[in-house]
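The following note sets out some points for a reader who is new to protein structures. Please keep the sequence and the model in view while reading.

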Amino acid sequence: MKNTKLYILSFFFCVNVFIWYGVFVEERNFVTVAFLDVGQGDAIFIESLDGKQILIDGGANSQVLQQLAKVMPFYDRSIDMVILTHPDQDHIGGLPAVLESYTVDFVMESGVGSDNGTYEEFENIIQKKQIQKITAQQGQKIFLCNLREVRLPEEPHGCESYLEVLFPVGDLDISEFEPNTASVVLKLTHGENSFLFTGDSPRSIEKYLVESLGDYIDVDVLKLGHHGSKTSTSDLFLGFTSPEYTIASVGENNSYGHPHQEILDLLRQFEIPLLRTDKEGTIIFKSDGRSLLLE
Ligand SMILES: [Zn+2]
């Protein structure tokens, strides 16, 4: 009798281990890119095939924590890298809470600070937690697959997914730039699929990217600069990026009138669909390296 009980207990123990093993080493067939619904602001969550996670910006406040909880399992308390495109409140606001709530290995920044209190708070936590800080420079690549840690910059070794810094450019002194102009611009490549994340980059930087990189900025998904403001997304830039989808990360009835009517008209003229976080909530793409799936 005692033995039978033991067998039964052992059996359930094994089943339990098997299930948890399945949960933890779950093979992903997709790279996930989620434009989180954080109201008026930006927060983009990326997860690679082997579960590497990157958060680009954190919205205006700690609302980002609830949104992260929807795209991350409850037991996962770490994010490999946090990238701050620029320190305006609608991008940095939720990041102190993220650094306090999750273990973060790397923080990447544009190199332009701010005297708003949140930036100071953010920097203090980075120091306190001894998080490795990286200043973004064109040419840096963050490889997302099968790595023990995020390495940069490093030559590809059969790795088909990476996040690449397109701006700021190393030899350009951006210290006097206003924050939007110095926004970190990133391109994510997974096989044949690609995304462009532009922070709040204005048209002057878009022009620079077109002139210096040409067709290299041709992507499948473009996050519109500055929440669809008319200060970004020139017709030249839209032509060169030629996205299948555009994203406006905006709050409902925001006081800026984002996305601006001029941009809506331009997208209609180019026949490019626009997805908006104020209408759709969080927008999730899955890429298998060949095609994009919109959840
Ligand atoms: Zn913004």
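Is Asp278 buried or exposed, or something in between? The points below answer this and then turn to the surrounding strands and the core. Please bear in mind throughout that the model is predicted.

1. Asp278 is partly exposed, because 18 other C-beta atoms lie within 10 Å. A residue would need 20 or more such atoms to count as buried, and 12 or fewer to count as exposed.

2. As to its place in the chain, Asp278 belongs to helix 9, which covers residues 277-280. Leaving aside residues up to four places away in sequence, Asp278 touches Val250, Gly251 and Glu252. A further distance concerns Ser249: it is 29 residues from Asp278 along the chain, yet the two C-alpha atoms are separated by 7.4 Å.

3. The strands of this part of the chain deserve attention next. Strand 12 (residues 245-248) pairs with strand 13 (residues 274-276) in the parallel sense, over three bridges. Within this pairing, Ala248 stands opposite Arg276 of strand 13. To pass from strand 12 to strand 13, the chain goes through helix 8 (residues 261-270), and this β-α-β crossover is right-handed.

4. Strand 12 also has strand 11 (residues 221-223) as a partner; the two run parallel and are joined by three bridges. Here Leu222 is found opposite Thr246 of strand 12. Helix 7 (residues 235-241), together with strand 11 and strand 12, makes a right-handed β-α-β unit.

5. For the chain as a whole, the model shows nine helices and 15 strands. Of its 295 residues, 44% count as buried. Among contacts between residues at least 6 apart in sequence, 67% join residues at least 24 apart.

6. In soluble globular proteins, nonpolar side chains tend to be buried together. The largest nonpolar core in this model has 62 residues, and Ile44, Val82 and Leu186 have the most contacts inside it. Strand 8 (residues 161-167) gives the most to this core, contributing five residues.

7. Which residues does Val82 touch, when those up to four places away in sequence are not counted? They are Leu55, Leu95, Val98, Leu99, Val104 and Val107. The student may wish to locate Val82 in the model, together with Ile44 and Leu186, when tracing the core.

Technical notes. Residues numbered from 1 in each chain as written. Predicted model: local features only at pLDDT ≥ 70, side-chain atom pairs only at ≥ 80, totals over all residues. Core = buried A, V, L, I, M, F, W, Y, C linked by C-beta atoms within 7 Å. Helix = DSSP H or I, 4+ residues; strand = E, 2+ residues; numbered from the N terminus. Contact = placed C-beta atoms within 7 Å. Pairing = 2+ DSSP bridges. Right-handed = clockwise from strand over helix to strand, strands pointing away.
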